[in-house]
Amino acid sequence: MSVDEYIVVTRYVTIFAFSYFLYQASIGAYTYRKHLNVKAFWPILMCLSAGAYAVLIAVNTHVSDPKLSNFLLITYWFFAYWTYYCYLKAIEGFFGYDLKKLWFSKFFCVAHSVYVVIGGFLYLFTSIDLMFKPREIPPSTLFTKALNLQIYPSLLVVLIGVMGLVVILYSTIVVWKELNRRNKNEYLFKTGLIVTLFASIWDTSIGTETIGYLVPIYYLGYVFESMRFNIYYQDLAFTKMYNLEKDMVKLSKVAQFGFASASIAHDIRNHLFVLNTANNRLEKELLEDQRRYTEKLRKHIAKILEVTDLYMNIFKKNYDSHKERIKISDVTMEAIDLVQEKIDKHKVKVELEIDDFDIDGNETELSLCLVNLIKNSLEEIKTTDTPWIKVITSSSQRFIKIVDSGSGIPRDQLKNIFEMGKTTKKDGSGFGVGLAITKQIIENSGYQLLVEEDSENTTFVINF
């Protein structure tokens, strides 16, 4: 191959590589603007730096001034290690955390880039060359002839180049082990690591003149990586949009429930007013020893009125229910009494371990929450053999636990079990409202509702 043919091939390949990386950088910038993830900034810089490395080789084939040509050769070293630094940062962005074992690799890349910048400008403006020596014999290879190079690397540059290869090899091993530790196949990622390592060894060997002077291929190491990073961040953007759509559906359900519950509660209040009026009239007609029935009726009418107020106002941030000093044992027994019919129907054994204590709260709200949790347990275990439920309270740790004979909630469901519209019922009978409302009420009161993940049985906990 003649020098002219070599120059044509070099220009074609390098300009093509520059166009490719410019295209990948533009895709990354568009994705970054949509996704607004600062970690996506590093793959963009990696593409721009790799593209600059490629296009400078093409530019250098047009330069006839030996000094400028030699200066451009020095800049290759800067873009080579600055690109690799951006690559390492992009990998950490992909993992979502910094790899402590890569601190030396990143430090070496930055220190090497600073050294090259200082050495390059000293050579350009003062002719002091910290990296290369004047070539005593004319260029003899296609690479040196095509770029009109009049310098060759000093022993210090060869040592730094070899050290750079060791750093790149070390970084590849660290990242590879991290991928294996995370049990990720990532075949494209590992291919990119190998190609990047090979291309780095190839170009460093050319730059230090330790092998035959072929065309540099350093930028080819990032062809896989630029594409992979863009696919990864595009997937993140689509996932973000998908989650946003799910959130909109969830908010729609919440709004529908809020509107429906307020409307239903309003209608219930009208009927309760009629019942209360009738009860008052009935009380006047009854004998003294019979009025206990109307008193019980009046008590439950009042409770229902509180519940309707709760559902009418539950999604109002400024809603503040009436608080008073209440005993946990009283609330627990009231909740058990309200679901006793279901307990008897499904022959569920209920065990109470009550260590009583007082809290400041709303008795109706807390009772409603306990009823929801107990009913939720009943629905899950009612068809099992020897079903049981334990209600445990602790005055020292200030909690109520609802434990049932179920084997627990699958881990993949735990993260969204309290979301509106999510239900654990396999037969589709649930609406995904009970647990969501219960958590909302508990948190509005300043307390905490959670599921014990490591418990052998299904366990809900209210922490006060």
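**Exercise 1. Is Phe-94 buried or exposed, judged by relative accessibility?**

Solution. 
Step 1. Know the model. This is a predicted model, in which local features need pLDDT of at least 70, side-chain atom pairs count only at pLDDT 80 or more, and totals for chains, interfaces and linings use all residues. Residues are numbered from 1 along each chain as its sequence is written, and side-chain values use heavy atoms, with hydrogens and water left out.
Step 2. Set the cut-offs. Buried means under 20% relative accessible area, exposed means over 50%, and partly exposed lies in between (1.4 Å probe, protein chains only).
Step 3. Apply them. Phe-94 has 9% relative accessibility, so this residue counts as buried.

**Exercise 2. Place Phe-94 in the fold and list its contacts.**

Solution. 
Step 1. Find the element. Phe-94 sits in helix H3, residues 66-95. Helices are DSSP runs (H or I, at least four residues), numbered from the N terminus.
Step 2. List the contacts (heavy atoms within 4.5 Å). Neighbours within four places in sequence are left aside; Phe-94 then touches Glu-186, Phe-189, Arg-228, Phe-229, Tyr-232 and Tyr-233.
Step 3. Check a C-alpha distance. Pro-43 is 51 residues from Phe-94 in sequence, and their C-alpha atoms are 9.8 Å apart.

**Exercise 3. Describe the salt bridge between Lys-106 and Glu-92.**

Solution. 
Step 1. Recall the idea. Side chains of opposite charge can pair when their charged atoms come close. A salt bridge here is a side-chain nitrogen of Lys or Arg within 4 Å of a carboxyl oxygen of Asp or Glu.
Step 2. Read the distance. From N to O, Lys-106 and Glu-92 are 2.9 Å apart.
Step 3. Locate both ends. The pair links distant parts of the chain: Lys-106 is in helix H4 (residues 103-126) and Glu-92 is in helix H3, 14 residues apart.
Step 4. Check burial. Lys-106 has a relative accessible area of 13%, so Lys-106 is buried. Glu-92 has 2%, so Glu-92 is buried too.

**Exercise 4. How many salt bridges does a search of the whole structure find?**

Solution. 
Step 1. Take the total. The search finds 10 salt bridges.
Step 2. Arg-181 and Glu-178 pair at 2.6 Å, N to O. Both lie in helix H6 (residues 155-181), 3 residues apart, about one turn of the helix.
Step 3. Sort its ends. Arg-181 is exposed because its relative accessible area is 57%. Glu-178 is buried, at 11%.
Step 4. Glu-351 and Lys-349 pair at 3.6 Å, N to O. Glu-351 is partly exposed, at 27%. Lys-349 is exposed, at 52%.

Note on methods: Helix = DSSP H or I, 4+ residues; strand = E, 2+ residues; numbered from the N terminus.
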